[in-house]
Amino acid sequence: MRPDESLDHSREVGAHSAPSPYAVKQQLQNWATDLGFQQLDIANTELTQDEERLRQWLQNGLHADMDYMAAHGTKRTRAAELVEGTICVISARMNYLTQPNQSALKSLQRQNMGYVSQYALGRDYHKLLRKKLQKLASRLTDLIGPFGYRVFTDSAPVMERAFARKAGLGWTGKHTNILERHTGSWFFLGEIYTDLNLPINRHETKNYCGSCTACIDVCPTAAIVRPYVVDARRCISYQTIENKGTIPVELRNSIGNRIFGCDDCQLYCPWNRYAKLAVEPAFAPRENFRNADLLASFGWSEPEFLKKTEGSAIRRINHQQWLRNIAVAIGNAPANQKYINALKERLDTAAAILKEHIEWALNAQYKRLKDENK
């Protein structure tokens, strides 16, 4: 049976026969809107071309040390291998931007403040989206009876961007994020793998990037090595979040004041002029992150870090990584004796990796002071 053919009409829901698959899809979209999603549609599971692109990306070592990208083999690209019986994938998106692009750019330009990626300013989206998707699945169970499914939000080997593209939620931009003409790229994605035969989207969104290379041109570390290909080894998001060790010296100056992630490819994307702000209250930015004063943030003890980042996506890094990232940002900040004093105060008790970054920052601060006094 094809995914756009009928559900088993012998299934009963109370005293009534099961609704048509088209009625089920419409109901899912209505519920999704009620739950705060901006769009929902359905994709088939065929990802042959995406699987080949992933294979080449991994083969070229562009995933850095993110071994989990290869660890699950074809389970990442073949949905039924990850969740047996999967016929189609329900894909949904939810906006998370809480301030206009220009406001975010101003934050990035304040060298005494640490820049935190927009997605991490509020509450961690993982649990929130999974909970909403679970509600969606539970409502569907109430409507048609038990069925096979599993909910995901960036939490398993799932090609979420590929499924979003196939579901018609947008096209793949040259920065590899999904773009939608009327809302840009500032949204989270979530999926429901299911064994239901539901009507799939048959018309992928046209790619409107055209000849634009804004995202490639503005990437601080030239991580977008060619359209639609990102070298994680050069990506600031990778270096400040996924990388648990030493940030390469040759990239540190380019990192600037970005202490958790990087948004430049989205901030300068022309389509994000049309971005819609989030309506989900949980994404409201925490003051400690929207205005992350470098000096104050570098002074956090580990208990303070754990308390201030509770329920935040920033918990993906530990206290030492937090201090490492801020040390780099301080090294790129204007010369200030207060920065030098703070770095020195941490130096003696710092573990080896953090110590290396503090020493680099101190040298950068001393050099800047010397240049100013010439």
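**Close-up 1. Two cysteine sulfurs that stay apart, C219 and C262.** In this predicted model, the sulfur of C219 has its closest cysteine sulfur in C262, 6.4 Å away, which is too far for a bond because a disulfide needs the two sulfur atoms within 2.5 Å. C219 itself is buried, with a relative accessibility of 17%.

**Close-up 2. C212, a cysteine in no disulfide.** If you go looking for disulfides in this structure, you will find zero. For C212, the nearest cysteine sulfur belongs to C269 and lies 6.5 Å away. C212 counts as partly exposed, at 31% relative accessibility.

**Close-up 3. Q99 and its surroundings.** Let's move on to a glutamine. Q99 sits in the loop that runs between strand β4 (88-95) and helix α5 (101-109). Is Q99 buried or exposed? Q99 counts as buried because its relative accessibility is 11%, under the 20% cut-off. Its side chain makes a polar contact of 2.9 Å with the side chain of Q118. Leaving aside neighbours within four places in sequence, the residues in contact with Q99 are A104, S107, Q118, L121 and L277.

**Close-up 4. The largest nonpolar core.** This core has 76 residues, and those touching the most other members are L28, Y119, F298, I314, W322 and I358. Which helix gives the most to this core? Helix α6 (residues 125-144) does, with eight residues. A second, separate core holds 24 residues, among them L82, V89, Y193 and A232.

**Close-up 5. The contacts of I358.** Not counting residues up to four places away in sequence, I358 touches F298, A327, L343, R346, L347 and A350.

Methods:
Residues are numbered from 1 along each chain as its sequence is written. This is a predicted model: local features need pLDDT of at least 70, side-chain atom pairs count only at pLDDT 80 or more; totals for chains, interfaces and linings use all residues. Side-chain values use heavy atoms; hydrogens and water are left out. Helices (H or I, at least four residues) and strands (E, at least two) are DSSP runs, numbered from the N terminus. Buried means under 20% relative accessible area, exposed over 50%, partly exposed in between (1.4 Å probe, protein chains only). A polar contact is a pair of N or O atoms within 3.5 Å; within protein, one must be able to donate a hydrogen and the other to accept it, and residues adjacent in sequence count only if both atoms are side-chain atoms. Contact means heavy atoms within 4.5 Å. A nonpolar core is a set of buried Ala, Val, Leu, Ile, Met, Phe, Trp, Tyr and Cys residues joined through side-chain atoms within 4.5 Å.
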